[in-house]
Amino acid sequence: MEVWQTILIAFGGNAVLLAVLAWAAKSLTSQWLTKDIERFKISVKSDADAASERLKNELQMSALEHQVKFSKLHEKRADVIAELYGFLVQACWDISSFVSPMEWSGEPNKQEKYVTAMNSVARFYQFFDKHRIYIPEGLCGQLDEFVQGMRQKAIGFGVYVRYEDEALPDSQMKDKHNAWTEAWKHFEDAVPETKSALETHLRSLLGESQFEIGRNIGVRS
């Protein structure tokens, strides 16, 4: 065999070997890449699922905390309304007793009833003013007007009860009688209607509070 033929065969054989090796390397690399991609996909999905579950749990915890705070807020509002109404009723009773034209033996006198009535109004207003935040603004205005109206009428009559009738001249006795009559008329005519409207409004607030509490803790009526 000629020398040049031997050289060609040698080089030709190496080329085939190199081609085979290159193909094998490419095939192995492709397999490794495919496996790496699959592992990466699985890892990404696993991380995404874990992150989604963590977010879901965090949202559930946040919603639960909100529900607890919301229900406590409305429970507090219901307690405030109930106590506020108690102060309001007591003030109405005491002012009514003071301005009433009927007096019974054994009762406190008008001076004592006046002090009691003013104290009741003061207790109502102190509690009311401290808890305005729980009451709608419009209702706050109605309560202000209602109580101030009763208070003004009571004071209009109360300025005279510090004096004995015998110490008052006829003109002041007439003024006292007019103030007394006006206070009682106001209490008989204006107070019941306004008080009834306020009671309805307060009941509606209690109903709303209970509904909201039930809705936020998953209760359905």
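**Close-up views of a helical predicted model**

**View 1. Helices α2 and α3 pack against each other.** In this predicted model, helix α2 (residues 110–130) and helix α3 (residues 137–158) pack at an angle of about 160°, and their axes sit 11 Å apart. An angle over 145° counts as roughly antiparallel, so that is what α2 is to α3. The crossing of these two helices is left-handed.

**View 2. Here are the residues where α2 meets α3.** On the α2 side you'll find K110, Y114, M118, V121, F124, Y125 and F128. Facing them from α3 are C140, L143, D144, V147, Q148, R151, A154, I155, F157 and G158. Sort the residues of this contact by type and you get 12 nonpolar, 2 polar and 3 charged.

**View 3. The largest nonpolar core has 35 residues.** I95, F98, L143 and F146 are the ones with the most contacts inside this core. The largest share, 9 residues, comes from α1.

**View 4. Zooming in on I95.** Set aside residues up to four places away in sequence, and I95 touches A117, V121, M150, A154 and F187. Two of these names, V121 and A154, also turn up where α2 meets α3.

View 5. S96 lies in helix α1 (residues 3–99). In sequence, S96 and F187 are 91 residues apart, yet in space they are 6.9 Å apart, C-alpha to C-alpha. Leaving out neighbours within four places in sequence, S96 is in contact with W184 as well as F187.

How values were computed: Residues are numbered from 1 along each chain as its sequence is written. This is a predicted model: local features need pLDDT of at least 70, side-chain atom pairs count only at pLDDT 80 or more; totals for chains, interfaces and linings use all residues. Side-chain values use heavy atoms; hydrogens and water are left out. Axes are lines fitted to C-alpha atoms, for helices over the stretch in contact, and angles run from 0 to 180 degrees between N-to-C directions. Helices (H or I, at least four residues) and strands (E, at least two) are DSSP runs, numbered from the N terminus. Angles under 35 degrees count as roughly parallel, over 145 as roughly antiparallel, 65 to 115 as roughly perpendicular and the rest as oblique. A crossing is left-handed if the near helix is turned anticlockwise from the far one by less than a right angle, and right-handed if clockwise. Contact means heavy atoms within 4.5 Å. Ala, Val, Leu, Ile, Met, Phe, Trp, Tyr, Cys and Pro count as nonpolar, Asp, Glu, Lys and Arg as charged, and the others, Gly among them, as polar. A nonpolar core is a set of buried Ala, Val, Leu, Ile, Met, Phe, Trp, Tyr and Cys residues joined through side-chain atoms within 4.5 Å. Buried means under 20% relative accessible area, exposed over 50%, partly exposed in between (1.4 Å probe, protein chains only).
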